[in-house]
Amino acid sequence: MSKFKKKKDGELPPVSTASLPDIVFMLLFFFMTVTVMKDSEPLVANELPNASEIKKLEKKDRVVYIFVGQPTEKYQSAFGKEPKIQLNDKFANVSEVGDYVLEEIAKKPQEVQSSITTALKIDKNANMGIVMDIKEELRKVNALKVNYTTYEGDAFKNLQ
Amino acid sequence: MARRGGAPEVNAGSMADIAFLLLIFFLVTTTIETDAGLDRMLPPKEPPTDEQVILKQKNIFTVQIGKDGQLLVEEDLLDLKDLREKAIAFLDNGGAVKGDPDYCSYCEGARSPESSDNPIKAVISLKNDRETKYSVYITVQNELVAAYNFLRNRAAKKLGYNMSFTEMEEAYSNQETPDDVKEKLKVKIKKIQDLYPQKLSEAETTTN
């Protein structure tokens, strides 16, 4: 009788989910572009030792990295098997460490320049000689805060 | 006979699921890994050398690492496994007698007059050979830091803090901790650090 038929109760029109893939893809692309996988290709073997009393390096923008280890197989013919220092993505001498650290610190924003930590990523098979040389270089440029980067684990596993 | 009314429409309903799957994959795999390790301060290059710091022999705990990884502690060979205990015993000795300005009221050690007077005076001197393996060096460093952490955690407990020292430090360095909490933590951390200052020297130390 009535012209306007009463709709059945509870029959809401379904929300269209057709645009859902678009939204999700947008998110996906955002994450894919934003996450940087790795900033430098490792040229040296870098198997870190274990330690249990570790502290996290929370502020990534205040860290300068130095890698030390045996050159990977690709580079062994050119650089030999002795542990070498890697700064950014090239091999370096001990004498270059100081300049590199200063350069990296200068690149950081002014307000964090005074609280820079140098993360030493040193292969566990390296000798202390090269580490002592690096420490000496760091002392020369007054970059005194260092972090011996390690894996979390039982320190006695290092001895095996 | 089949109808040929154009290609049937592909159901795109599961597209969202596929995209979600990818999204979650990327979210999970690209966790920004936080590096962790042992924090250390290097000694400054040129300290004011007007006066030489003279330390009593009994306040120095010498640790030497040989090139084959042997450990020489206070001139005796020692197994690495016993280093932590020995370092704790040294730091917590509290050898100064009552009434002495160096008297340590919170020490629980043996109070041997042969060993350190007070944790504030106690210095651990670490020396190593150029041929020493880095992994051994890290293990030694780890044990020495563990000794300090043990004593500091104990001090935190005795002072009645509801967190251990290591937990407090972790919370302090965590960026998500609110500033007012950090301020409070800073005071507590400082207090414990004053009780057990980390004096781990890798430079030459002079004795008299």
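Here's a quick look at one helix pair in chain A and one glutamine in chain B.

This is a predicted model, where local features need pLDDT of at least 70, side-chain atom pairs count only at pLDDT 80 or more, and totals for chains, interfaces and linings use all residues. Residues are numbered from 1 along each chain as its sequence is written, with chains lettered from A and ligands numbered from 1 in the order written.

**How H3(A) and H4(A) pack**
- Helix H3 (residues 95-107) and helix H4 (residues 128-140) of chain A pack at about 45 degrees, with axes 8 Å apart; helices here are DSSP runs of H or I, at least four residues, and strands are E runs of at least two.
- The contact (C-beta atoms, placed from the backbone, within 7 Å) uses A:Val97, A:Gly98 and A:Val101 of H3(A), plus A:Ile134, A:Glu137, A:Leu138 and A:Lys140 of H4(A).

**More on H4(A)**
- Its buried residues (20 or more other C-beta atoms within 10 Å of their own) are A:Met128, A:Val131, A:Ile134, A:Lys135, A:Glu137 and A:Leu138.
- Those buried residues pack against strands S3 (63-69), S6 (117-122) and S7 (145-152) and H3 of chain A, together with strand S5 (123-128) and H3 of chain B.
- Just after H4(A), A:Asn142 takes a positive phi of about 65 degrees.

**B:Gln141**
- B:Gln141 sits in helix H3 (residues 134-158) of chain B, and counts as buried because it has 22 C-beta neighbours inside 10 Å.
- Leaving aside neighbours within four places in sequence, B:Gln141 is in contact with A:Tyr148 and B:Leu38.

Notes. Axes fitted to C-alpha atoms, helices over the stretch in contact; angles between N-to-C directions. Contact = placed C-beta atoms within 7 Å. Buried ≥ 20, exposed ≤ 12 C-beta atoms within 10 Å, placed from the backbone.
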